[in-house]
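Subject: Handing over the structure

Hi,

Here is the structure I said I would pass on to you. Have a look at it, and then read on for my notes.

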Amino acid sequence: MPDFKGRCHCGQTKWTVQIDKPGHIFCHCDACKILSGGEFSQNALIPKSKLHATKGDFKCYDYLGDSGHPVHCYYCANCTSHAYHHQTVMGPDTVLVRTSLLEGSKDFPVALEVYGKNRLTWQPELAETFETVPPS
């Protein structure tokens, strides 16, 4: 399982993750658009045990996701780059790491798209797309 190094914009927080099959999950939900300031976020779903902070500490805040369950957002206290999110609806051991903050991620393929119903009209579909999330 490959290791990837992540860092925030200012460099005060760093981490490593292990991802079985490197690839981006593009999320087109409105929350991700607001958080990223862009048209989607880039993520990978991993076990929480595969993410390790190597420098600095993450701050956290919560919001309610579309499921009605809390989403815990972990970010650098200085520059506010979001490293990962824990959507509690997925259980206690699964997190979404922001792949765009990982070294080498520019070479990751697009593996999946979620919240396709909120994709901007001018964006092409790049991978298998779900209107919201894949069925469990």
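How many salt bridges does the count come to? The answer is three. Before the details, please keep in mind that this is a predicted model.

**Salt bridges**

Let me start with the pair in the helix. Asp 30 makes a salt bridge with Lys 33, and their closest N and O atoms are 3.8 Å apart. Both residues belong to helix 1, which covers residues 30-36. They sit three residues apart there, about one turn of the helix. What about their exposure? Asp 30 is partly exposed, at a relative accessible area of 45%, whereas Lys 33 is buried, at 15%.

Next come the bridges made by Arg 119. Glu 113 pairs with Arg 119, with 2.7 Å between the closest N and O atoms. Arg 119 also meets the side chain of Glu 125 in a salt bridge, at 3.9 Å from N to O. Through these shared partners, Glu 113, Arg 119 and Glu 125 are joined into one network. When you click through it, you'll see that Glu 113 is buried, with a relative accessible area of 1%. Arg 119 counts as buried too, at 16% relative accessibility. Glu 125, on the other hand, is exposed, with a relative accessible area of 51%.

As background, side chains of opposite charge can pair when their charged atoms come close.

**Cysteines**

How many disulfides are there? The count comes to zero. Cys 10, for one, is in no disulfide, and the nearest cysteine sulfur, which belongs to Cys 8, is 3.6 Å away. Cys 10 is partly exposed, with 32% relative accessible area.

Then there is Cys 29. Cys 29 counts as buried, at 11% relative accessibility.

**Surface patches**

Which residues form the positive surface patch? They are Lys 5, Arg 7, Lys 14 and Lys 55. You can find Lys 5 in strand 1, which runs over residues 3-7, and Lys 5 is exposed, with a relative accessible area of 53%.

There is also a nonpolar patch on the surface, formed by Leu 45, Val 89 and Met 90. Together these residues have about 250 Å² of accessible area. Leu 45 lies in strand 4, residues 41-47, and is partly exposed, at 44% relative accessible area.

**Backbone angles**

Thr 80 has a positive phi of about 70 degrees, although it is not a glycine. Look for Thr 80 in the loop between strand 7 (70-76) and strand 8 (82-87). At 47% relative accessibility, Thr 80 counts as partly exposed.

Tyr 115 is not a glycine either, yet it has a positive phi of about 55 degrees. You will find Tyr 115 in the segment after strand 10, which spans 110-114. Is Tyr 115 buried or exposed? Tyr 115 is buried, with a relative accessible area of 13%.

**A glycine in a loop**

Last stop: Gly 37. Where is Gly 37 placed? Gly 37 is in the loop between helix 1 and strand 4. Gly 37 is exposed, with a relative accessible area of 70%. If you want to follow a pair from sequence into space, take Gly 37 and His 85. They are 48 residues apart in sequence, and their C-alpha atoms are 16 Å apart in space.

Cheers

Key
Residues are numbered from 1 along each chain as its sequence is written. This is a predicted model: local features need pLDDT of at least 70, side-chain atom pairs count only at pLDDT 80 or more; totals for chains, interfaces and linings use all residues. Side-chain values use heavy atoms; hydrogens and water are left out. A disulfide is a pair of cysteine sulfur atoms within 2.5 Å. Buried means under 20% relative accessible area, exposed over 50%, partly exposed in between (1.4 Å probe, protein chains only). Patches are made of residues with over 30% relative accessible area and no salt bridge: like charges are joined within 9 Å, nonpolar side chains (Val, Leu, Ile, Met, Phe, Trp, Tyr) within 5 Å. Accessible areas come from the Shrake-Rupley method with a 1.4 Å probe; for residues, only the protein chains shown count as cover. A salt bridge is a side-chain nitrogen of Lys or Arg within 4 Å of a carboxyl oxygen of Asp or Glu. Lys and Arg count as positive and Asp and Glu as negative; His and the chain ends are not counted. The place of a charge is taken as NZ of Lys, CZ of Arg, CG of Asp or CD of Glu. Helices (H or I, at least four residues) and strands (E, at least two) are DSSP runs, numbered from the N terminus.
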